[in-house]
Amino acid sequence: QVHLVESGGGSVQPGGSLKLSCAASGRTRSIDAMGWYRQAPGKQRELVARIISRGGVDYADSVKGRFTISRDNAKNTLYLQMNDLKPEDTAVYYCKAEASWGPIEAPASGDYWGQGTQVTVSS
């Protein structure tokens, strides 16, 4: 199994910055991709940014040019640098890991979620 713990959320003024961290433990070598998702009150959870093991990245249109996703494999940690934050960025942010494992003749896969961290952008 993979265990994920997010940190770095908080309250910030519009135009400010925050950096989120997601520490992974357990069977981390089975992780194929990791990403950040967010959910605002009354809305469905949505993809913010995602990175695969070989380096490919994807961003939601609403955060392109403002957010940067990165991963430190040595520390088993995922990051999300958020700049020029806007009120509409207010949400609970979740870290997700996509993992796969053997036996090779009958592979299995699963998704793992962190507990979430609150980000509030207001004046």
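Student: Which strands each supply at least two residues of the lining of the largest pocket?

Tutor: In this predicted model, they are β4 (31-39) and β7 (67-72). The lining includes Ile31 and Met34, as well as Arg71 and Asp72. The volume of this pocket is about 190 Å³.

Student: How many residues of that lining are nonpolar, polar and charged?

Tutor: Three are nonpolar, five polar and three charged. Arg29, Arg71 and Asp72 line the pocket, and they count as charged because Arg and Asp belong to that class.

Student: Now the charged pairs. What makes Glu46 and Arg38 a salt bridge?

Tutor: The rule asks for a side-chain nitrogen of Lys or Arg within 4 Å of a carboxyl oxygen of Asp or Glu. For Glu46 and Arg38 the N to O distance is 2.9 Å, so the pair meets the cut-off. By this rule the model has six salt bridges.

Student: Why can such side chains pair at all?

Tutor: Opposite charges can pair when the charged atoms come close.

Student: Is Arg38 buried or exposed?

Tutor: Buried: its relative accessibility is 6%, and buried means under 20%.

Student: What is the N to O distance between Arg66 and Asp89?

Tutor: Their side chains meet at 2.8 Å, in a salt bridge. Arg66 sits in the loop between β6 (57-59) and β7, and Asp89 in the loop between β8 (77-82) and β9 (91-101), so this pair ties together parts 23 residues apart in sequence.

Student: How do you know that Asp89 is buried?

Tutor: Its relative accessible area is 1%, and the label needs a value under 20%. Arg66, with 9%, is buried as well.

Student: Why is the contact between Lys96 and Asp111 called a salt bridge?

Tutor: The N to O distance is 3.6 Å, which is within 4 Å, so the label applies. Lys96 belongs to strand β9 and Asp111 to strand β10 (residues 108-113), so the bridge ties together parts 15 residues apart in sequence. Lys96 is buried at 11%, whereas Asp111 is partly exposed at 47%.

Student: Which residues do salt bridges with shared partners join into one network?

Tutor: Arg38, Glu46, Arg66 and Asp89.

Definitions and conventions:
Residues are numbered from 1 along each chain as its sequence is written. This is a predicted model: local features need pLDDT of at least 70, side-chain atom pairs count only at pLDDT 80 or more; totals for chains, interfaces and linings use all residues. Side-chain values use heavy atoms; hydrogens and water are left out. On a 1 Å grid over the protein atoms alone, a cavity is a set of points where a 1.4 Å probe fits but cannot get out, and a pocket is an open set with protein on both sides within 12 Å along at least five of seven lines; lining residues have an atom within 4 Å of a point. Grid points are joined across faces, edges and corners, and a volume is the space filled by probe spheres set on the points. Helices (H or I, at least four residues) and strands (E, at least two) are DSSP runs, numbered from the N terminus. Buried means under 20% relative accessible area, exposed over 50%, partly exposed in between (1.4 Å probe, protein chains only).
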